[in-house]
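Here's a quick briefing to read with the structure open beside you. Start with the ground rules, then go through the topics in any order you like.

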Amino acid sequence: MTTVLGVLGATGVTGSLLVQYGLEREHQVVGLARFPWKLPGDHLDAISSGKLRIVKGDARDEAALEEVVKSTDVIFEATGHNHNRPGTMREDIAKLLVKLMRKHGKKRLLYISAAFAHEEGLVVVPQRMRGMVAFMSDNKGADVLKAEEVYRAAGSWLEWTVIQPPRIVQKPLTEDLITKAGKFPQAQNGSFTITFADMALMMLDTAANGTFIHQDVYLNCPSKLSPGLKDIPKFADMMITNLGNALRRCKRRPSAP
Ligand SMILES: NC(=O)c1ccc[n+]([C@@H]2O[C@H](COP(=O)([O-])OP(=O)(O)OC[C@H]3O[C@@H](n4cnc5c(N)ncnc54)[C@H](OP(=O)(O)O)[C@@H]3O)[C@@H](O)[C@H]2O)c1
């Protein structure tokens, strides 16, 4: 039987790989996207052939999310913040998702968190870089953790898996990913970087094999992976946003009497 995959964040880097690999494995895919025009060209072909359906909308819009949930067997929550300001986007999506999955009797959910939002994950980052890594993701990290708590508190009917990636780069598949439930797998060379492609395939395998249910799974890769050219715009955008946030915080700080 073909499993129907639901992908939230279908236009994102991970989301579009989940769609691509899902289609290659002959699954039907239903994607949620706020701006479907951002989909890659081959996904448009899949829409024409009926293998991919895109629901247009925000994941916090109940009607749009329900349309995805009711027609799929497994949900991949692969949305992401495009800023590091305080907010509750992932937590809001989590609350709505739990409500709708329960309503429609859907159980399987894979949620992408962030290893570095956890002390457990941050330990693999060299001491001199920890402050910067924590600073780069403090606000969105807090939201990501609150969403995790929503899934953990949903009850045992919800078969959640929380994916805990470290730094992720846009490099080809290495097929060298190491996974460990509940604990960060240390790579011998001290690496803490994986590829989006490896993570997407691992998520599809996890859904297909029914593994890591009610578990956090930390990812790492022994290959030396540094960011490539494709990662530069995202990194630059993140730095600009974080510097803006820091300046705003300084301005808000009351001056000494
Ligand atoms: N990159 C890293 O090093 C790293 C490390 C650890 C964890 N992560 C996590 O990994 C996940 C995937 O990362 P990524 O780089 O693939 O993300 P991405 O490319 O930024 O994609 C995020 C997706 O979420 C969508 N989205 C955002 N807000 C939405 C909303 N309210 N409703 C519906 N869709 C929404 C975006 O759509 P629009 O096009 O409409 O904005 C986009 O398709 C993220 O949660 C990220 O935090 C990343």
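Helices and strands here are DSSP runs, numbered from the N terminus: helices are H or I with at least four residues, strands are E with at least two. You're looking at a predicted model, where local features need pLDDT of at least 70 and side-chain atom pairs count only at pLDDT 80 or more, while totals for chains, interfaces and linings use all residues. Residues are numbered from 1 along each chain as its sequence is written.

**The sheet**

- Eight strands make up an open, mixed sheet, in the order β3-β2-β1-β4-β5-β6-β10-β8; strands count as paired if DSSP finds at least two bridges between them.
- The edges are β3 (52–56) and β8 (178–181), each of which pairs on one side only.
- Ignoring direction, neighbouring strands of this sheet are turned by 20° against each other on average; axes are lines fitted to C-alpha atoms, for helices over the stretch in contact, and angles run from 0 to 180 degrees between N-to-C directions.
- Helix α8 (residues 196–209) packs on the sheet and touches β4 (74–77), β5 (108–112), β6 (159–164), β8 and β10 (215–220). The direction of α8 makes about 160° with that of β5. Contact means that the C-beta atoms of two residues, placed from the backbone, lie within 7 Å.

**Strand β4 and its partners**

- β1 (residues 4–8) runs parallel to β4, joined by four bridges, with valine 7 opposite phenylalanine 76.
- β4 also pairs with β5, again in the parallel sense over four bridges; here isoleucine 75 faces leucine 109.
- Both faces of β4 are covered: Val74 and Phe76 are buried on one side, Ile75 and Glu77 on the other. Buried means 20 or more other C-beta atoms within 10 Å of a residue's own, exposed means 12 or fewer, and partly exposed is in between, with C-beta atoms placed from the backbone.
- As background, side chains in a regular strand alternate between the two faces of the sheet.

**Loop residues to look at**

- Glutamate 175 isn't a glycine, yet has a positive phi of about 55°. Glutamate 175 sits in the loop between β7 (167–169) and β8, and is exposed because 11 other C-beta atoms lie within 10 Å.
- Phenylalanine 212 also has a positive phi of about 55° without being a glycine. Phenylalanine 212 is in the loop between α8 and β10, and counts as buried because there are 22 C-beta neighbours inside 10 Å.
- Glycine 50 belongs to the loop between α2 (41–48) and β3, and counts as exposed because there are 8 C-beta neighbours inside 10 Å.

**Around the ligand**

- There are 23 residues around the ligand, and Gly9, Gly12, Thr14, Arg34 and Gly80 come nearest; a residue is near if its C-beta atom, placed from the backbone, lies within 6 Å.
- Which elements give two or more residues to this shell? They are α1 (13–24) and β7, and α1 has the largest share, with three residues.

**The annotated domain**

- The unreviewed UniProt entry puts "domain: NAD(P)-binding" at residues 9–208; its positions follow the numbering used here, feature names are shortened, and annotations may be inferred rather than shown by experiment.
- In the model, residues 9–208 are 43% helix and 18% strand, and the end C-alpha atoms of the span lie 20 Å apart.
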